[in-house]
Each structure stands twice: as C-alpha cells, then as structure tokens.
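Subject: A structure for you to explore

Hi,

I am handing over the structure we talked about, and I hope you enjoy looking through it. Please open it first, then read my notes below with the view beside you.

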Amino acid sequence: MASIDTNRNAAQSTETLTNIRALAAQSLAPLIRHQGSLKTLLPGALARCPERDRALLQQLCYGVMRYHPQLSLLSRKLLKKPFASKDYDLLVLLWSGLYQLEHMRIAPHAAISETVAGARVLGKEWATGLLNAVLRRYQREHETLKAALAEKPAFRYNHPDWFVQKLQHNWPEHWQQILNENNASAPMTLRVNARQHSRERYLQQLHDAGIEAHACQFAAEGIQLAQPCDVGTLPGFADGTVSVQDEAAQLSAELLALQPDQRLLDACAAPGGKLCHALEQQPDLEAIAIELEQSRAGRIRDNLARLQLDAEVKIADAALQDWWDGRPFERILVDAPCSATGVIRRNPDICFLRKGEDIATLSDIQLAVLSNCWQMLAPGGRLVYATCSIFPQENERLIARFLKQVGDASHQPIVADWGIERPLGRQLMPQPDGHDGFYYCVLTKNMCSDEKHVF
Amino acid sequence: MAIRTILEFPDPRLRTVAEPVATVDDDVRTLIDDMFETMYDASGIGLAATQINVHQRIVTMDLSEENNQPMVFINPDVEVLDEQPHSYQEGCLSVPGFYEEVTRPQQVRIRALNRDGEAFELVADELLAVCIQHEIDHLDGKLFVDHISPLKRNRIRSKLEKKHKQEAAHR
C-alpha cells in the first residue's frame, strides 16, 4: 500500500501494562500529537500487551481512530477546558471510554471503572474524578448530547469537514456511499499463488480447514474470507501458497500485460504485493523494485522469499534516476505515494493524519514520480499508474496534467467490469464487503517521440 | 523500379476494395519492388497497393529505423487475439500532415503469403499490429480517418481539398 508515513514513533516504554485502556491511551497519544500512525505505533503497543488482551487493545485503538471525528466533538462538549498536549493520553483515555460506552458490548460500569483506573496507571491520579464525572454524565445525557451535534456534518458522517466537502464536490453521486464504507470494516482478501495452486483447489483446502470463504468477483486469483483470521491459520501460508491482498490491488498484474523476458520496474514497491503478483503470473521477468525506506524494503524481500520469487530490490527514490543503469523498462508499475483515502476503513487514522492541503502536495510528488518513471520507459512500453486514493486530483486529473507535459504518451482505456470508467483511467470505490477504493490508468509510450509514423 | 504516385484523401479511388492476388509471379514482384521504393521515398513504414492505385491485396512494410527489414504481406488476413483496445497516433501517406489517435485491438495473428507465394503466419502486437490493421483497411477501401469523429474527418477533408486545389493551380 502506497501511503506515506510522515512520522516515526518516538521512544516508547517497553513495560507490560495490564490496564489495556491505559496502554491504548499511552500508545495513541503520540499519534494525536502527529508523531506516528496506527501502523507504526500499534506493534510497540501489542508487544507490551498480555496476549489474551491483544484483540481488545487492537479494537480500542482502531475504534478510537475510526470514530475520532465524533469522539472529539463529544469530548469538546463534555470538557470545560481542553487537555494540554502533555495530557493527550488522558484525552485518548476519555475517547476510549466513550467508544466503549457507545460501540462495545462491555457493561457500562466495568467500562467506566477500568477507564478511570487507567488514569491511575498513567500516573495521573488527579484526573480520576474528572474522567469518572465526564463518563457518567455521558451515560446519563448521551441522547441530548448526540442530538445537539447531529446537524454538524463532521458528527453526522464521522469524517472531518474538509473531507466531506471535498468528497461532495468531487463525487456528487457517490460521496455518501464512500463515507458509509469508510466507517465500516473491510473484508480480508487473499491472493492464491497461481504458480502453486488453482483458486478452486485452495478454496477446497480452506473449506477442509473449516475456514469459510468465496471466490472474488473481479480478481481471478482472489478469495475473500467470511471472517478475518490470523495468517498463521491459513493452509500453506508460510510456503507461499497465498498472500493477503485486497481485490482492487490484485487487478494491477493483468493491466501490465506481461510478456516473458521483459524488464519490469515497480516504483514505490513496498510491501511488494503487486510485484509478487506480477512475478507469480510471469516468472520470466527481469524485475527491479525500488523503495525509499530501508525498513519497508525489508518487507518486499520477506514477501519475495516466502513466495520464492526473484527480483532486485533497491533502496532508491522513484523521483530520481541516480540508481538507474540506463536500460529502459518495457513495463513500469507506478503505485504512487498517495493520500490512501480509498483504504480509510483499513487505516482509520488517515482522516486524522491528513489535511485538505496535503492532497495538492501529494499530487506534486505523484507528478514528479510519474514524469521520472516515464523517461525510463522503452518506446512501445506500457506503464500502469495506480493509487489507493479516491480523489481525482491524485488520479484522472493528475494524468491529465501529465499528458499535457509529454508528447509521446497514449492513454489506453481499460475495458473491465470493475470500477467506474473515467475520461482517463478507471476509479474503484470501496465496496460493501468487497474491494477497496483504488485508481488505475494505463499509458503506452509511442514508438518514436519526435518522429511520427505514416503508413 | 519506379516511384509511383500516392493517392491522397479524399480521392474516391482509395475507396476501392482490392482483389486477392491469384498467383505470385514476377509481375507481382516488380510491383512489390515499386511499392518499397515508393514507401521508402515517402519515409513511410507501410504501404498498401491501393495507395498507388493498384487494387490487389499487397502490403509492404518496414518498421526498422535503418530501412533494412522489408516485409511483404500478400492476401493478408488478421484474426484478433486480444481485443483489449490499444490507441496509437496514426498517420498515413494518403492523409499527409495529419495524425489522430485510433483505437484498435491490441494483438492479432496475421496470415499471408510472402514474395515467393509461400504461406506464413505471425503474431503481431504494438506497432506491427497497428500497421497491419491500418494497411488491411486500405485494401478494404477504408482509411484511418473513418475511425475518428466526423467533425475531425471533415476538417481534414477540407484542408486537403484546399491543398490539392493550390497544387493544381501551380502545376
């Protein structure tokens, strides 16, 4: 997934905490200060969590971020004065209390007492009375409080105002569906390794293992599980029989139309899902994957090793050519860094971490990456541009900007039964119990850039 | 060998449907040599006999930059292997100076006779696929401008008619 993590987590305590509310609060407080994301902070938190409570910790962290727009409006109404930034752990603790009362099947008295006790664990005894009073007031007055906020779009749709406005403007017919899907949870989807197994055979194996699943509608190797599960329980996972990958992300390999012996570049490759899929389909490729971050490049190598596939992984910037040997590529996949607004249901902190003005900055990066990769594409070659964004600014309008700059690109309309056809490329919206939000566009490089052919 | 005159749109003779070649003999081979000479002279990469007002199903082609890979297709026929639409900015010796995006199937199988009259087949994609479909259109009396909007086609027609009038006046 090509999201940008702007911050790394700060140094964290490693001591185990048995009060899971306190652990969630302590772990998410840096995120509220814009230091890190769920993806970067959660592993540390899980390591400090007793094994039996890991599911609860995960649910609390994801739940608080998923309902952040509503929870923060509620807490603003409930608190006389806001918490100072050093007490953001208490703010998250309060949100987790409200979340438990509103969305979890935990007895309210237990939810409140555990949450209040969390303040003591955090060494902030002084706040126990405040938290107790605020949570009990919410318990008594939640109907009135919610009614008072119901008119605010941020509360009603549980998304930041800028996001709702931008979506209404860009997708007048789809915005409500997108907002609904963002508030739901996403299914777990697998990709069967075509070199090892047919989809039908693997479905049978899942059935035999008692795992309920069905074939995906659009992706030929895709299988959707009825319930998410630990990958360790999937038959053959360690041996590379399957990978976890959303159905929309599985559509890239076919669009690349790979032929044996081609040179393939996967720019911004981590974690390598689309690269591995391409190699599963066409093993006779000279594949080069580049990734800016060392740690994320490690994940590409892990995936290649598990699936027994071969590609050269380089730590490099897709907007530069300092790593390139000058030999053009016949195929290029540009899975561009993006707002990840198509995968909010999997990464509910995206809405909190992004600001409206980020989209313009991101689209400049996307244009730089695409323009740079275009120069490395062989005449007659094919480039697939992909994002997991739902904003046209990063997608069809970005491609339009690019086509104005170059004279040797032809847009190839994608004929498919998935997504929505756009003037340039195809847009996928997050689907109920289906694929994520995604965008694809196929461009080919004309045979001669300065001289046109007549025949 | 001789350089022949290339017909230009909207000349009605370009609308003639060409006849299959019955026997590949020396006359046909002389015609092929003329076609190559005409094509190379005009800096084209493909030519259909129709374009020089010979209505037999013969196509010459050379996609190389050095003009050293001549290909001949006699009585060519294509079968679509991949219907995925592929767009290309096409130009044509019979529509000089105009280039328009035309969308055709991405991959085809070509069946034809070579200059010795032997049958061969070839899977074509990219430029070769574009070019052979363009040339077979010529043999069927069609032009790439038939694949674009009537508005664009009429604009090209009137510009070329104007050019032809000016050329006639200076002759």
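Let's start where the two chains meet: 26 residues of chain B are in contact (heavy atoms within 4.5 Å) with 17 residues of chain A. Before going on, please keep in mind that this is a predicted model, in which local features need pLDDT of at least 70 and side-chain atom pairs count only at pLDDT 80 or more, while totals for chains, interfaces and linings use all residues. Residues are numbered from 1 along each chain as its sequence is written, chains are lettered from A and ligands numbered from 1 in the order in which they are written, and side-chain values use heavy atoms, with hydrogens and water left out.

**Between the chains**

About 1800 Å² is buried between chain B and chain A, with 53% of that from carbon and sulfur atoms. Buried area is the accessible area (1.4 Å probe) that two parts lose on being put together, summed over both. Six residue pairs across this interface, both at pLDDT 80 or more, are in polar contact. That term means a pair of N or O atoms within 3.5 Å; within protein, one must be able to donate a hydrogen and the other to accept it, and residues adjacent in sequence count only if both atoms are side-chain atoms. On the side of chain B that touches chain A, β3 (71–92), β4 (95–113) and α2 (126–139) of chain B each give two or more residues. The largest share, nine residues, is from β3(B). Helices (H or I, at least four residues) and strands (E, at least two) are DSSP runs, numbered from the N terminus.

**Strands in chain B**

β2(B) and β3(B) pair (at least two DSSP bridges between them) in the antiparallel sense over four bridges. Here B:T60 has B:V72 in β3(B) as its bridge partner. β1 (residues 46–48) of chain B also runs antiparallel to β2(B), joined by three bridges.

**Inside chain A**

Helix α4 (residues 68–78) of chain A is largely enclosed by the rest of the structure, because nine of its eleven residues are buried. Buried means under 20% relative accessible area, exposed over 50%, partly exposed in between (1.4 Å probe, protein chains only). The elements covering those buried residues include α3 (54–66) and α5 (88–103) of chain A.

Is A:T341 buried or exposed? A:T341 counts as buried, because its relative accessibility is 1%. Its side chain makes a polar contact with the side chain of A:S339 (2.8 Å).

Happy exploring!
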